[in-house]
Protein chains: 2
Amino acid sequence: MVIELISVGTEILLGNITNTNARYLAEECAVLGLSNYYQITVGDNEERLSEAIRTALGRSDIVLLTGGLGPTEDDITRETVAKVLGRGMYEVPEIHQQIQEYFDRMGAKSPSSNNWRQAMVIEGAQVVENHNGTAPGMIVEVDETKRIILMPGPPEELQMMFKESIAPYLAGMNQQVIYSKTVKICGMGESRVAQAISDLIEAQTNPTIGTYAKGGEVHLRITASGTDVKEAKRSIKPIVKEIKNRFGDKVYTTRESETLEQHVVGLLKRRGMTVTTAESCTGGLLAGTLVNVPGASEVFNEGYITYSNDAKQKILGVKKKTLKNDGAVSEACAAEMAKGAAKAAGSRAAVAVTGIAGPDGGTEEKPVGLVYIACCIDGNVKVESYHMNGDRQKIREITVKRALDMLRRCIRQTEED
Amino acid sequence: MVIELISVGTEILLGNITNTNARYLAEECAVLGLSNYYQITVGDNEERLSEAIRTALGRSDIVLLTGGLGPTEDDITRETVAKVLGRGMYEVPEIHQQIQEYFDRMGAKSPSSNNWRQAMVIEGAQVVENHNGTAPGMIVEVDETKRIILMPGPPEELQMMFKESIAPYLAGMNQQVIYSKTVKICGMGESRVAQAISDLIEAQTNPTIGTYAKGGEVHLRITASGTDVKEAKRSIKPIVKEIKNRFGDKVYTTRESETLEQHVVGLLKRRGMTVTTAESCTGGLLAGTLVNVPGASEVFNEGYITYSNDAKQKILGVKKKTLKNDGAVSEACAAEMAKGAAKAAGSRAAVAVTGIAGPDGGTEEKPVGLVYIACCIDGNVKVESYHMNGDRQKIREITVKRALDMLRRCIRQTEED
């Protein structure tokens, strides 16, 4: 079954708000096994909205409209759907009553004539209650197979209504079940990842494999459909196994909701280790990312931002000679930073970062984007060098990812899980 | 002139990502005075993409496609546009060379055959350089009046390309001149800001005033259209003056491209001051934000992340008694952190942050979202307390803004500019 999403709202066309409803509904519909081929945004304009509804009805089974059910004169979704279908509208006394009660509860002024428009319903529509606002939703059976669904635009109203009423309705309509699993890979670009599994991608029918680049990581989502979850899970299993085999250590998790920093904090917790950070070009972002994990305080006590050479010497004990001979952006300096940080914080693990984030400061020998990352675990130091691309912000973001990934690999090497 | 946005990407239809590009482009196009009536999302599917392009060409002057220019087999936007227009494609040796150089710079393996597809260009297209990635953009003159523009999907590539190349091109096409000025306000919520200028907003025709909440700031964009820039500028001037009068010290800049952190770094430079940071709940994000400003090294040498109580005592000299009696999240602790940080770093200015970012750690007396920010300038300490709303990530982000804003206000009080 194919569902088409139509978001109604001039504020989206003007760029005043981000259309987060489309993403929410798309994700929920995918889980329900519905295919979504088009997402349309139109303004509160009768002619264009009518055209969008007609086009969608011609090519999709379910047309889900969001927005334009509010109490202002701009809000014309209800009336436009009725006109397109050639149906009348009538007032539902229960909704009229609910609107009155809602206003009483909120202690607001009495409803205006526009508010009462929200009690108007399209003939033959099933009314869907809105527990977070005054505009009810509607499910309209257009014919044997086609449906138009109307939902309010405010995300908190929409999401509650979808979960409570629309999702169960759609699940009842659709026979198939969809199940998906995500494999998260760090340290390889999207095109190299895609190349390494091009045979799997070419051969795919069910399950399918999607590749998604996410700020320095690549996520592979394997999705299968079946008559029940068990069947879908069974067809995914061998593909996930094969992908894990191919990428080995580069896979850091297959948990949908686990981020790289959560994974690293989890690893540290299991090892009973604390970690510290010594940052130059990232200037605190690495520590900031680690600390964003709830409960990070168990594994992280303190970190240092040593931006100047003086700070590197004073706080981390980097040798003057090293700074003079090798420079602040060097393998030797990174190594001394990591060792010095571990010592200063009294922690078993330390990560240090030094590099040239630009836009200035690059030379032919040490160009913008050159970054050294050092990991020190129980006194053993490793250093890796990277050449990052992009602007200052991007170089710093990718550096944080690479540093977390290197820390992950170094911790894993200390002993087996 | 009417512009239509087509976002290409199955990952949007599956709800894996939010379409933030559409919002960015819609906002920028509105500023350029372009009308946007439709935003379409389609997957990487030739048939449906072709249909969307044809429909858009029929009703809009400019069709702006984003996404589907990547190096994987899924990425078919280039080829599909060429087919719809009945044009051939050819390889541009310069882009081929740039891709090779990009891979050399990244120290990555040699490009795959799919990477080379990014060097292919539609006949007659104007090639637009991508300074943040390998996929170039294209501007195709379909006929006398219609244009198709292709841009890469990753937001950092898209935004840089739009600013550098596409916006100037579109501005050149459009006859009316649009001029806008942004007043950036920190420390007030969007609804309070809107209330304070509700009379101006209600009376607006030309210029218009748009309010935009941006992560702890409110930006007011005053936009005027006219036959020339001089005329547009003249009609904006009195409104900007009135707004500055109403918000006073809360306005930190009227420079479109100046961020709060850039403004603070600029202030410090002008005063010849250095600053340091002592962070608990923000865990490095505050320093990371400051250091993101190019040239921050002139005003920032080192910073401290003191997450544990031990670290606060050891590094910043916070008194054991203070931690015992007042606790780590207290006015007294914040003040001692700021003073201690200034001393440890030998800098005239210091900002310290301590708070409860959640989700755990809150009590009735000290709930999640309670944050103390202290500023120390030349030994004088001020502390402010805040009650932030939202999840851990949001509380930390808003805290960084408030800390930068407080630093700004404290520096300004030291002497006149």
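**Why it is called that: chains A and B**

Guide: Let's start at B:A82, which sits in helix α4 of chain B; helices here are DSSP runs of H or I with at least four residues, strands are E runs of at least two, and both are numbered from the N terminus. This is a predicted model, where local features need pLDDT of at least 70, side-chain atom pairs count only at pLDDT 80 or more, and totals for chains, interfaces and linings use all residues. Residues are numbered from 1 along each chain as its sequence is written, with chains lettered from A and ligands numbered from 1 in the order in which they are written.

Visitor: Why is B:A82 called partly exposed?

Guide: B:A82 has 19 other C-beta atoms within 10 Å. Buried takes 20 or more within 10 Å and exposed takes 12 or fewer, with C-beta atoms placed from the backbone, so a value in between counts as partly exposed. That's where B:A82 lands.

Visitor: What does B:A82 touch, leaving aside its neighbours within four places in sequence?

Guide: B:R87, B:G88, B:M89 and B:I122; contact here means C-beta atoms, placed from the backbone, within 7 Å.

Visitor: Which residues of α4(B) are buried?

Guide: B:T77, B:R78, B:T80 and B:V81 are, in a helix that covers residues 77-85. The cover over the buried residues of α4(B) includes β1, α3, β3, β5, β7 and β8 of chain B. Just past the helix, B:G86 has a positive phi of about 65°.

Visitor: What makes β13(B) "mostly covered"?

Guide: Five of its five residues, 275-279, are buried. B:V275, B:T277 and B:E279 point one way, while B:T276 and B:A278 point the other. Side chains in a regular strand alternate between the two faces of the sheet.

Visitor: Why is β13(B) said to pair with β15(B)?

Guide: DSSP has to find at least two bridges before two strands count as paired. β13(B) and β15(B), residues 349-355, share five in the parallel sense, with B:A278 partnered by B:A352. β13(B) also pairs in parallel with β14(B), residues 302-306, over two bridges, and B:E279 has B:I305 as its bridge partner there. From β13(B) the chain goes through helix α12, residues 285-291, to β14(B), in a right-handed β-α-β crossover. Right-handed means that, with the strands pointing away from the viewer, the path from the first strand over the helix to the second runs clockwise.

Visitor: Where does β14(B) meet chain A?

Guide: At β14(A), residues 300-306: five bridges join the two strands, which run antiparallel. A:T306 has B:E302 as its bridge partner. Overall, 64 residues of chain A contact 67 residues of chain B. The chain A side splits into 25 nonpolar, 27 polar and 12 charged.

Visitor: Which residues touch the most other members of the largest nonpolar core?

Guide: A:A338, A:V351, A:A374, B:A338, B:V351 and B:A374, in a core of 142 residues. A core is a set of buried Ala, Val, Leu, Ile, Met, Phe, Trp, Tyr and Cys residues joined through C-beta atoms within 7 Å. Another core, apart from that one, has 84 residues, including A:L5 and B:I122.

Visitor: What makes the β16(A) and β17(A) pair a hairpin, and how many residues lie between the strands?

Guide: Two residues lie between them, and the strands, 370-377 and 380-387, pair antiparallel over eight bridges. A:V371 stands opposite A:Y386.

Visitor: Why is A:D378 called exposed?

Guide: A:D378 has 9 C-beta neighbours inside 10 Å, so it falls on the exposed side of the cut-off. Its phi is near 50°, a positive value in a residue other than glycine. In chain B, B:D378 is exposed because it has 9 other C-beta atoms within 10 Å, and its phi is positive too, about 50°.

Visitor: Where does A:P359 sit, and what kind of peptide bond joins A:G358 to it?

Guide: A:P359 is in the loop between β15 and β16 of chain A, and the bond is cis, with omega about 0°. The bond from B:G358 to B:P359 is cis as well, with omega near 0°.

Key: Contact = placed C-beta atoms within 7 Å. Nonpolar A, V, L, I, M, F, W, Y, C, P; charged D, E, K, R; others polar.
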